[in-house]
Amino acid sequence: MTKRLILTRHAKSSWDDPTTPDHDRPLNERGKAAAADLGAWLASRGYQPEEVLCSDAARTHETWSGVAPELEGAPEVTLKPALYHAGPDVMMAVLRHAKADTVMMIGHNPGISEFAERIVAQVPPNPDFQRYPTGATLVVTLEIDDWGQVEYGFGAVRDFIVPSEVPA
C-alpha cells in the first residue's frame, strides 16, 4: 500500500503588530495569496488531502483556509496544539496516528524543515529545500500499509515547491 504525505510550512505571516503573541499572528496579504496559489497547485497535480493535521496557530490554520477552497471535497481537519513549533520527533508521533491515505501536515520551522529532511530517503535538488521558506510544500509517497509503520528515510519525493515557483 502507498501513503502520501503533503508537508507544508505555513504561508507568510504578518509582523505588523509587535504586540500580537506569536501563536496568534495572522497571514499577511502575500501569505493569503500564496496559500490560494498553493491550493491551486495541489489541485492541478491531483494532490488531494483526505486528512489535515494542522498546528493550532492562527497562521497555520489560515494557510489551510486559503488552500482549501481550491481543492475538491472537505477533508477532516484536526488542529493539533502539539504541532505548534514541534520538532521532528513530535511531528512523527502525530503522523503515526493519521488515518487517511493522503495526509497534509501544516507546521512551522525549524521543525518542519528538519522533519522533511529526515522523512525522505533522498532530498530534492531544489536549493530552497534546506531553508524550507514559508509556504514550502513537499509531497512524499511512502510504501507502508499504516501510518504507524512510518520511519525516517522511508519517503520518496514526488514534488517540492515554494510559492515563488508556483505558476501564475
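This note sets out points on the pocket, aromatic pairs, helix packing and backbone of a predicted model.

1. The largest pocket. The space in the largest pocket comes to about 160 Å³. Its lining is made up of Arg9, Lys12, Arg30, Gly31, Ala34, Asp128, Arg131, Pro133, Thr134, Val162, Pro163 and Ser164. By type, the lining residues divide into five charged, four nonpolar and three polar. Helix 1 (residues 29–45) is the element that gives the most to this lining, with three residues.

2. Trp41 and Tyr47. Five aromatic pairs are present in the structure. In one of them, the ring centres of Trp41 and Tyr47 are 5.8 Å apart; the planes meet at 55°, so this pair counts as tilted. Trp41 has a relative accessible area of 4% and is therefore buried, the cut-off for buried being under 20%. Tyr47, at 8% relative accessibility, also counts as buried.

3. Tyr132 and Phe160. A tilted aromatic pair is likewise formed by Tyr132 and Phe160, with 5.6 Å from centre to centre and 50° between the planes. Tyr132 belongs to the loop between helix 4 (111–119) and strand 5 (137–142), whereas Phe160 belongs to strand 6 (residues 156–161), so the pair ties together parts that are 28 residues apart in sequence. Tyr132 and Phe160 are both buried. Together with Phe129, these two residues form one aromatic cluster.

4. Charges over rings. The charged end of Arg25 sits over the ring of Trp15, at 3.7 Å from the ring centre. Arg118 lies over the face of Tyr152, and here the distance to the ring centre is 5.5 Å.

5. The buried side of helix 4. Which residues of helix 4 are buried? They are Gly111, Ile112, Ser113, Phe115, Ala116 and Ile119. An α-helix has 3.6 residues a turn, so residues three or four places apart point the same way. Among the elements that cover the buried residues of helix 4 are strand 1 (3–9), helix 3 (88–95), strand 4 (102–107) and strand 5.

6. Ala43 in helix 1. Ala43 is located in helix 1. Its relative accessibility is 37%, so Ala43 counts as partly exposed. Leaving aside residues up to four places away in sequence, Ala43 touches Glu70 and Leu71. Ala43 and Ala68 are 25 residues apart in sequence, and their C-alpha atoms are 9.8 Å apart in space.

7. The cis peptide bond. Between Asn109 and Pro110 the peptide bond is cis, with omega near 5°. Pro110 is part of the loop between strand 4 and helix 4.

8. The backbone at His85. His85 has a positive phi of about 55°, although it is not a glycine. This residue is found in the loop between strand 3 (76–80) and helix 3. Is His85 buried or partly exposed? With a relative accessibility of 39%, His85 counts as partly exposed.

Terms used: Residues numbered from 1 in each chain as written. Predicted model: local features only at pLDDT ≥ 70, side-chain atom pairs only at ≥ 80, totals over all residues. Heavy atoms only, no water. 1 Å grid on protein atoms, 1.4 Å probe; cavity = no way out; pocket = protein on both sides within 12 Å on 5 of 7 lines; lining within 4 Å. Points joined across faces, edges and corners; volume = space filled by probe spheres on them. Helix = DSSP H or I, 4+ residues; strand = E, 2+ residues; numbered from the N terminus. Nonpolar A, V, L, I, M, F, W, Y, C, P; charged D, E, K, R; others polar. Phe/Tyr/Trp six-rings, centres within 6.5 Å; stacked < 30°, edge-to-face > 60°. Buried < 20%, exposed > 50% of the residue type's maximum accessible area, 1.4 Å probe, protein only. Lys NZ or Arg CZ within 6 Å of the ring centre and 35° of its normal. Contact = heavy atoms within 4.5 Å.
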